[in-house]
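Here are some notes to read beside the structure. Please keep the sequence and the 3D view open while going through the points.

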Amino acid sequence: VQLQASGGGLVQAGGSLRLSCAASTRTYSMGWLRQAPGKEREFVASISWNGGSTSYSVSVKGRFTISRDNAKNTVYLQMSSLKPEDTAVYYCAARDSFAVATTSSQYTYWGQGTQVTVSS
């Protein structure tokens, strides 16, 4: 499975961005994780194979929305009310399981990452 993330960029605090992750084939559960400079990679959001279940980190819940279009093998992360602390490289990931996953070690396949920078 190959994953291609896109949609990152520079945005002012309070703004919005939508990230996309296109998979080379049908995938099961997928997620977004991020890594800021000098910090460990952290979970952001996950979605089950059919979109029926989602999970979010406390820091983004209510501001970010994960969704998927299985006809396009694509997962999205709509980010709103962005804060400077959301600045990081965002990675999409996939796993061979139906359920959501909230830790890096649960994911098998990774995209290359897309930079999100939020200015204050």
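1. Is Cys92 buried or exposed? Cys92 counts as buried, at 1% relative accessibility. Keep in mind here and below that this is a predicted model.

2. The partner of Cys92 is Cys21: a disulfide joins the two, with 2.1 Å from S to S. Cys21 lies in strand 3 (residues 17-23) and Cys92 in strand 9, so the pair ties together parts that are 71 residues apart in sequence. Cys21 is buried as well, its relative accessible area being 0%. The link of Cys21 and Cys92 is right-handed, with 60 degrees about the S-S bond. The count of disulfides comes to one.

3. Next, the aromatic rings. The count comes to four aromatic pairs. One of them is formed by Tyr28 and Phe98, with 5.1 Å centre to centre and 90 degrees between the planes, an edge-to-face arrangement. Tyr28 sits in the loop between strand 3 and strand 4 (30-35), and Phe98 in the loop between strand 9 and strand 10, so this pair ties together parts that are 70 residues apart in sequence. Both residues are partly exposed: Tyr28 has a relative accessible area of 36%, and Phe98 has 46%.

4. Phe98 also pairs with Trp49. Their ring centres are 5.3 Å apart and their planes stand at 65 degrees; planes over 60 degrees apart count as edge-to-face, so the pair of Trp49 and Phe98 is edge-to-face. Trp49 belongs to the loop between strand 5 (42-47) and strand 6 (54-56), while Phe98 is in the loop between strand 9 and strand 10, so the pair ties together parts that are 49 residues apart in sequence. Trp49 is partly exposed, with a relative accessible area of 34%.

5. Which side chain of opposite charge is nearest to Arg95? It is Asp96, 8.6 Å away. A salt bridge needs the charged atoms within 4 Å, and Arg95, although buried, has no salt bridge. Arg95 is found in the loop between strand 9 (88-94) and strand 10 (109-110).

6. What lies around Arg95 instead? A polar atom of the Arg95 side chain is 2.7 Å from the backbone oxygen of Ala99. Leaving aside neighbours within four places in sequence, Arg95 is in contact with several residues, including Tyr28, Ser29, Gln106 and Tyr109.

Definitions and conventions. Residues numbered from 1 in each chain as written. Predicted model: local features only at pLDDT ≥ 70, side-chain atom pairs only at ≥ 80, totals over all residues. Heavy atoms only, no water. Helix = DSSP H or I, 4+ residues; strand = E, 2+ residues; numbered from the N terminus. Buried < 20%, exposed > 50% of the residue type's maximum accessible area, 1.4 Å probe, protein only. Lys, Arg positive; Asp, Glu negative; His and termini not counted. Polar contact = N/O pair within 3.5 Å; in protein donor to acceptor, adjacent residues only side chain to side chain. Contact = heavy atoms within 4.5 Å. Disulfide = S-S within 2.5 Å. Phe/Tyr/Trp six-rings, centres within 6.5 Å; stacked < 30°, edge-to-face > 60°.
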